[in-house]
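User: Please take a close look at the charged side-chain pairs in this model. Where do they sit, and what do they join?

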Amino acid sequence: MNKLAVGWIGTGVMGKAMAGHLMKRGRITNMMVYNRTAAKADDLVQAGAEFLTPVEIAQKADFVFTMLGYPHDVENMILEKEGILKHMKKGSVLVDHTTSSPALARKIGETASELGVHAVDAPVSGGDIGAKN
């Protein structure tokens, strides 16, 4: 299997732990991370991740994972004027782990399909303990 370039947007309590698991166990060539509060990504950067803007991540990654706070954050990050979806490579995969609305997930899926990007709505639960374990 080829190694993959992976981007993770949202490295708060759960996102940081989940991205860290991928770095430790995944076949990743390049882990790219972004968080509005850059310091929340410091541990991942010290472990070898590269801190980039969301658009830079979208342009380079084979897989982009998002773990954001609220549905409006998801819509802004993924779909709005400067959203990442329109910058992603054809054939790449967007995985949104944010607990959001079914309507927003459908909208993202439809827009992704039009752009040749695969989208997966994959909300998580378990909080920081679940993410760490």
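**Salt bridges across the chain**

Asp73 is buried, with a relative accessible area of 13%. Buried here means under 20% relative accessible area, exposed means over 50%, and partly exposed lies in between (1.4 Å probe, protein chains only). This is a predicted model: local features need pLDDT of at least 70, side-chain atom pairs count only at pLDDT 80 or more, and totals for chains, interfaces and linings use all residues. Residues are numbered from 1 along each chain as its sequence is written, and side-chain values use heavy atoms, with hydrogens and water left out.

Side chains of opposite charge can pair when their charged atoms come close. A salt bridge is a side-chain nitrogen of Lys or Arg within 4 Å of a carboxyl oxygen of Asp or Glu. The search of the whole structure finds four salt bridges.

One of them joins Asp73 to Arg36, with 3.8 Å between the closest N and O atoms. Asp73 lies in helix 4 (residues 71-78) and Arg36 in the loop between strand 2 (28-34) and helix 2 (42-46), so the pair ties together parts that are 37 residues apart in sequence. Helices (H or I, at least four residues) and strands (E, at least two) are DSSP runs, numbered from the N terminus. Arg36 is exposed, at 66% relative accessible area, whereas Asp73 is buried.

Another salt bridge pairs Asp62 with Lys89, at 3.1 Å from N to O. Asp62 sits in the loop between helix 3 (54-60) and strand 4 (63-66), and Lys89 in the loop between helix 4 and strand 5 (93-96), so this pair ties together parts 27 residues apart in sequence. Asp62 is partly exposed, at 25% relative accessibility. Lys89 is partly exposed too, at 32%.

Helix 4 also takes part through Glu75. Glu75 forms a salt bridge with Lys107, and their closest N and O atoms are 3.1 Å apart. The pair links distant parts of the chain: Lys107 is in helix 5 (residues 102-114), Glu75 is in helix 4, and they are 32 residues apart. Lys107 is partly exposed, with a relative accessible area of 40%. Glu75 is partly exposed as well, at 26%.

Next, a buried loop residue. Thr11 is found in the loop between strand 1 (4-9) and helix 1 (13-25). Thr11 counts as buried, at 1% relative accessibility. Not counting residues up to four places away in sequence, Thr11 touches Lys16, Val33, Tyr34, Asn35, Lys40, Ala41 and Leu44. Contact means heavy atoms within 4.5 Å.
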